[in-house]
Amino acid sequence: MRYICRLLLTMLLGMSGAQAQGELEIIIDTGVENALPIAVIPFGWNGIPGEQPIDLHVTIANDLERSGRFVTMNESDMPQHPEEFGHVNFSDWQLLRMENIVIGNLKQTQAGDFEIEFRLLDAYKEAQLTGFRIKAGRTQLRRTAHRISDLIFEKLTGVRGAFDTRIAYVTVKQDAAGEERHSLQIADADGFNPQVLLESDQSLMSPAWSPDGESLAYVSFEGNNSSVFVQNIRTGERNEVASHNGINSAPAFSPDGGRLALTLSKEGDPEIFVLHLSTNSLQRITHNRAIDTEPNWSPDGNRLIFTSDRGGTPQIYEVDLQGGAPRRLTFEGAYFARPRYSPDGTGVTMVHGNNGFYRIGYLDLDSGYLSILTKNRLDESPSFSPNGSMIIYATNGRRGSELAAVSADGRVHQRLALQDGEVREPAWGPFPPD
């Protein structure tokens, strides 16, 4: 994959990469053994039969199913379709060993908007575990379904759900003349509602989310030279923040949103810098004749991890921004790249290369134990979900180039098959504001 960080490693370290392709179809390859059974019953609807604007239960069931931690009941196997708590015959569900069921209603109001009500029920306790009633416009119905999925996921697993989040990626398609067109896009985490933020006949690379989810930093090759831009997602306004001579690449927002870590070669070798966005001042972090690239911030904003070949091969290093020499984190292999801290800061995901295979790994920072999470030949660009439970990445799969996801413990595997054009460098966005 020719994104700028990989471009650095390809040109200077001799590694080539993979590519992935366009619209998302999520396929569960492997889920958790003994996944939780759950029945998501079709929601009641007060309008004309068959004309509801969205099948909320389908979106909710798909969310839970694709997490790999739930097995949803087929609608045809449901013994009843209750819409209200008082209509539930709990003994029917107990006989089927269905511990949890989801019921709800979708109503259109006289004002033209919608009222959604849902309940998560424990069939054995014959009690409600959680639920809400909320009003929403037509365009907010899918997001409301994702919010319901998040509540269910958190209640039953103890982990905050991340269905109501977004991903960013770069697509590449050929136009009628055979020329490549590059697009920076975002979509819901399930691949719906894609939105094009920028199109260009030059390469677009390395999208990185601001912590509030309002902006993306990325690299553009407009003018045949790399530059780093920050673009507001809502307004489309963008600012060029780094366009020095040489390499301008690999932007990463600090947790407070006020700084960008990036790679610049304006002083010779590629080095890690921190750009203070309010003053446009630069702070040089690394001082080494090696290639230092792909920085990423610790959740507390006090440290950076990055890729460097200062030891002879690409490895992961960590540096304290208060001072001190970088320390090497990886030792088990000749190739490590694209490090990303877990949201809780206890681990790091990265690409691990060995014997011609490049796979997604996870390093536990306390124990130093390295887990290899994937089994493909070319896996790249890992990015954590904001709850830390899943890692999205690019891969060469059974159906050609595609995106995929794996749980941080390696037990859940998904393929996000992409059917139209190439899709590169997925980046999972933050939780939405409360």
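Predicted model: local features only at pLDDT ≥ 70, side-chain atom pairs only at ≥ 80, totals over all residues.
1. Leaving aside neighbours within four places in sequence, Ile152 is in contact with Ile38, Ile60, Leu64, Val102, Phe118 and Leu120.

2. Together with Ile116, Ile152 has the most contacts inside the largest nonpolar core, which has 24 residues. At least two residues of this core are supplied by each of strand E3 (36-40), helix H2 (56-66), strand E6 (100-108), strand E7 (114-122), strand E8 (127-136) and helix H4 (141-157). Helix H4 gives the most to this core, with five residues.

3. Another core, of 14 residues, lies apart from the largest one, and among its members are Ala242, Leu260, Leu264 and Phe273. As general background, nonpolar side chains in soluble globular proteins tend to be buried together.

4. Turning to the sheet, four strands in the order E16-E17-E18-E19 form an open arrangement, and their pairing is antiparallel. Because strand E16 (248-253) and strand E19 (281-284) stand at the edges, each with a single partner strand, one side of each is left without a neighbour in the sheet. From one strand to the next, the twist averages 30 degrees.

5. Within this sheet, strand E18 (residues 271-276) pairs with E19 in the antiparallel sense, and the pairing runs over four bridges. Which residue in E19 does Leu275 stand opposite? The residue facing Leu275 is Leu282. In general, the strands of a sheet pair through backbone hydrogen bonds, either parallel or antiparallel.

How values were computed
Residues numbered from 1 in each chain as written. Heavy atoms only, no water. Pairing = 2+ DSSP bridges. Axes fitted to C-alpha atoms, helices over the stretch in contact; angles between N-to-C directions. Core = buried A, V, L, I, M, F, W, Y, C linked by side-chain atoms within 4.5 Å. Buried < 20%, exposed > 50% of the residue type's maximum accessible area, 1.4 Å probe, protein only. Contact = heavy atoms within 4.5 Å.
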